[in-house]
Amino acid sequence: MPRSIYDQDHESFRSSVREFVDRTLVPRAESMIAEHTIPREVWLEAGKQGFFGLTIPEEFGGAGIDDYRFNAILGEELGKFNAATSSCFGIHGDITAPYIVALGTQEQKQRWLPQVASGEKILSIGMTEPSGGSDLAALKTTAVKADDGSGDWIINGSKTFITNGYQCDLAVVAVRTDPTKGAKGISLFVLEKEDEGFTKGKPLDKVGQPESDTSELFFDNVRVPADRLLGDEGMGFISMMQKLPQERLGNAVGNIANARQILEETIEYTKERKAFGQPIGSFQHNKFKIAELVTKVEVTEAYINDCVMAHTEGDLTAVDAAKAKWWAGEIQCDVLDECVQLHGGYGFMNEYRVARAWKDARVHKIWAGTNEIMKELIGRDLGL
Ligand SMILES: Cc1cc2nc3c(=O)[nH]c(=O)nc-3n(C[C@H](O)[C@H](O)[C@H](O)COP(=O)(O)OP(=O)(O)OC[C@H]3O[C@@H](n4cnc5c(N)ncnc54)[C@H](O)[C@@H]3O)c2cc1C
């Protein structure tokens with residue numbers, strides 16, 4: 001089906017992202033896996049291309065574009081390359097930077113955003129804790145006012161599974177500032193990697209996405225001045241609820257783009273690989289299977305395109321973003337599993353993109369709110 005949501009400007013932007021992927025990412029694909037990191041020079045190059053500053057106002061070094069379709073194109077093209085780059089760059093530019101843009105004071109924006117846009121300062125966002133991620137309102141990390149009248153805050157606790165956690169220069173963290181108020185007692189702070197008492201664990205050993213670093217963050221009496229509070233005290237939970245739909249839509253966009261890309265590569269494989277004297281794709285079972293997969297991807301893309309347009313116009317609801325997130329993650333995992341099957345034994349070999357994509361995708365049903373939590377949100381909206 002022809003796609004109608006992108007115009008010429010969007011497509012030229014897509015070309016520049018593709019060029020970046022081909023020139024900067026593809027040659028490093030293997031070394032990023034071996035070294036378990038996206039090197040700084042790649043972040044800086046992406047920053048130079050303007051990919052991190054799409055929605056950062058021009059006065060703070062960004063492009064100030066108020067059109068989510070550009071973010072979606074970036075997510076699609078990175079998603080086609082691999083899930084890890086898409087998620088690490090997404091956490092930085094598409095997920096965490098918007099908190100500073102929306103909630104930061106003029107001084108905070110001036111202090112952090114130019115280097116966020118340039119890729120010199122890498123962002124992470126810390127919500128999940130060892131004791132739980134789904135029940136965000138129950139988080140335990142605390143910030144209490146120092147009793148010396150300085151207005152400083154003292155932060156104690158820890159976060160886990162934090163994307164970009166090991167490399168990050170700045171971390172936006174959700175902490176409890178009022179133990180008596182549940183969700184209304186949560187606030188956001190920006191920590192800088194130099195803050196005394198702020199330490200990082202080693203990158204965690206994951207099943208997939210080896211290129212991304214995922215770490216624990218520890219806060220041991222981290223003393224920060226009052227101007228590290230991001231947004232109003234007690235408004236952290238509400239801010240997260242407002243920002244999570246974009247994170248979930250971004251996931252859906254990248255995940256379905258990845259599924260389509262690997263499926264296309266698989267279709268080519270099934271045209272070339274022969275068994276019993278004929279291409280494996282020509283067996284009726286496989287032909288029908290591929291027809292089903294293509295249909296699933298295209299139908300999903302149509303819903304996601306609608307969500308992208310709704311978000312561009314400021315109308316995306318949290319419930320629709322939840323639908324897009326769980327459905328795209330599920331479809332991606334189903335499609336990639338069948339793609340592995342169609343590759344036979346090669347599909348289980350790490351050197352094959354299909355095998356890596358399959359392992360990388362599993363977490364998409366878990367992070368950014370598990371698929372069960374997405375269904376909980378949808379069910380609640382139905383009055384159930
Ligand atoms: C690679 C990776 C990167 C991540 N990056 C980040 C990051 O950058 N920042 C960040 O803050 N977090 C991050 N996370 C954390 C992620 O968001 C959480 O793992 C996720 O929200 C689930 O939380 P949990 O692991 O504590 O599982 P739990 O909350 O313990 O849930 C365990 C199981 O119980 C189910 N469950 C819980 N509550 C309900 C319910 N009400 N109804 C039905 N089922 C329920 C869940 O769906 C899940 O299946 C990352 C995780 C991974 C694996």
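Predicted model: local features only at pLDDT ≥ 70, side-chain atom pairs only at ≥ 80, totals over all residues.
Local features need pLDDT of at least 70 and side-chain atom pairs count only at pLDDT 80 or more, while totals for chains, interfaces and linings use all residues. Residues are numbered from 1 along each chain as its sequence is written, and side-chain values use heavy atoms, with hydrogens and water left out.

Two packed helices are described by the angle between their axes and the distance between the axes. Helices here are DSSP runs (H or I, at least four residues) numbered from the N terminus, and axes are lines fitted to C-alpha atoms over the stretch in contact, with angles from 0 to 180 degrees between N-to-C directions.

Helix H4 (residues 68-81) meets helix H7 (residues 236-272), their axes coming within 7 Å and crossing at roughly 40°. The contact (heavy atoms within 4.5 Å) includes Tyr68, Ala72 and Gly75 of H4 and Leu249, Gly250 and Val253 of H7.

H4 also packs against helix H8 (residues 284-312), where the axes come within 8 Å and cross at roughly 140°. H4 and H8 are therefore oblique to each other. Tyr68, Arg69 and Ala72 of H4 make this contact with Val308, Met309, His311 and Thr312 of H8.

A polar backbone atom of Gly133 is 2.7 Å from a ligand oxygen atom, and a polar side-chain atom of Ser134 lies 2.6 Å from an oxygen atom of the ligand. A ligand nitrogen atom is 2.9 Å from a polar backbone atom of Ile125.

Key. Helix = DSSP H or I, 4+ residues; strand = E, 2+ residues; numbered from the N terminus. Polar contact = N/O pair within 3.5 Å; in protein donor to acceptor, adjacent residues only side chain to side chain. Parallel < 35°, antiparallel > 145°, perpendicular 65-115°, else oblique.
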